[in-house]
Amino acid sequence: MEIIDPENKKELTVDQKIKRRTFFSFATFFAMSAATYEGWNWLYSAPDEANGITAGSRKPLRAAMNKTELFFRRFFSDNHLVKTYPKSMAARNVRINSNIGNEDENFNPENWQLSVVKSKGEVLKINLEALKALPKTEIVFDFKCVEGWDQIQHWAGVRFLDFIKHYKLDDLTSMQYVGLETPNGEYQVGLDIESALHPQTILAYEMNDAPLQTAHGAPLRLIIPVKYGIKNLKCIGKITFSNQRPRDYWAERGYDYYSGL
Ligand SMILES: Nc1nc2c(c(=O)[nH]1)N[C@H]1C(S)=C(S)[C@@H](COP(=O)(O)O)O[C@H]1N2
Ligand SMILES: [Mo]
């Protein structure tokens, strides 16, 4: 037999319990809807960020994205390699996607030199032959463009890491960012130093075992599998190092600066 203590509150009936739960559910629903509405309004009326290295976002949203970048940079691991594939799987017809800042068909690679800015007055000039003399690294991986396509591609060149070691640029890698741009400066890419030094990041001069075609960034392009296509600069003219984010063509147009995969 159930003993009911008259001192205690009386038990709720099933009906009352249901009513109570319904009330709490609706109250929570309305409170959260109001919070979402208010939050959206707040974000929507927040000031735009000042156009600079990044652009096209509201200030608070940009602050959050910058924090996300730092989060991912802290968790970035050189031990984590991008998946690779057998050469037989590499595309024969490699896609071409925009050529902002590339050299044209009249371009003579013999006149080309890579400039590495070591300090204000000191610029290292390197020609293609010198780069080809360094250890060659090949990679077959799934290249991903933010526009929604991907393709398994085969590239070869010198690892950025090997390039740094060979030219004794280790001191410069204590800085936070690497900047790359086309010879005419029209297309620029900024990279966090960790991603640049990732063992699969390559200064590529070959595609499918042949010298790079102009459309793919001859004579030298960046292949950085830990990033989206936008960061894989075609036709490198100049490399710089800095503690401030270098200019970045697509980040200036609203794309994510980090653009990691
Ligand atoms: N100089 C230069 N590099 C560039 C671009 C560009 O317009 N100009 N486009 C980028 C984008 S968005 C992608 S997806 C890849 C495409 O490389 P592909 O044409 O060799 O496929 O190059 C990147 N590098
Ligand atoms: Mo892209």
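# Salt bridges and a sheet, term by term

Trainee: Why is Glu 194 called partly exposed?

Mentor: Its relative accessible area is 26%. Buried means under 20%, exposed over 50%, and partly exposed lies in between, with a 1.4 Å probe and protein chains only, so Glu 194 at 26% counts as partly exposed. This is a predicted model, in which local features need pLDDT of at least 70 and side-chain atom pairs count only at pLDDT 80 or more, while totals for chains, interfaces and linings use all residues. Residues are numbered from 1 along each chain as its sequence is written, chains are lettered from A and ligands numbered from 1 in the order in which they are written, and side-chain values use heavy atoms, without hydrogens and water.

Trainee: What makes Glu 194 and Arg 73 a salt bridge?

Mentor: The N to O distance is 3.3 Å. The definition asks for a side-chain nitrogen of Lys or Arg within 4 Å of a carboxyl oxygen of Asp or Glu, so this pair qualifies. Glu 194 is in helix H5 (residues 193–196) and Arg 73 in helix H2, 121 residues apart. Helices are DSSP runs of H or I with at least four residues, strands are runs of E with at least two, and both are numbered from the N terminus. Arg 73, at 8% relative accessibility, counts as buried. Both residues belong to a salt-bridge network that also includes Glu 69 and Arg 245.

Trainee: How do you know that Arg 62 is buried?

Mentor: Its relative accessible area is 7%, so Arg 62 falls in the buried class. Glu 49 is buried as well, at 10%. These two side chains form a salt bridge, with the closest N and O atoms 3.0 Å apart.

Trainee: Why can Lys 87 and Glu 138 be said to tie together separate parts of the sequence?

Mentor: Lys 87 lies in the loop between H2 and strand S1 (114–119) and Glu 138 in strand S3 (residues 137–144), so the pair joins parts 51 residues apart. Lys 87 is partly exposed at 44%, and Glu 138 is partly exposed at 37%.

Trainee: What makes S1 and S10 paired strands?

Mentor: They share 2 bridges, in the parallel sense. Pairing requires that DSSP find at least two bridges between two strands, so S1 and S10 meet the criterion. Val 116 stands opposite Ile 239 in S10.

Trainee: Why are S2 and S6 called edge strands?

Mentor: In the open sheet, the order is S2-S1-S10-S5-S6. Strand S2 (122–126) and strand S6 (188–192) each have a single partner strand, so one side of each lacks a neighbour in the sheet.
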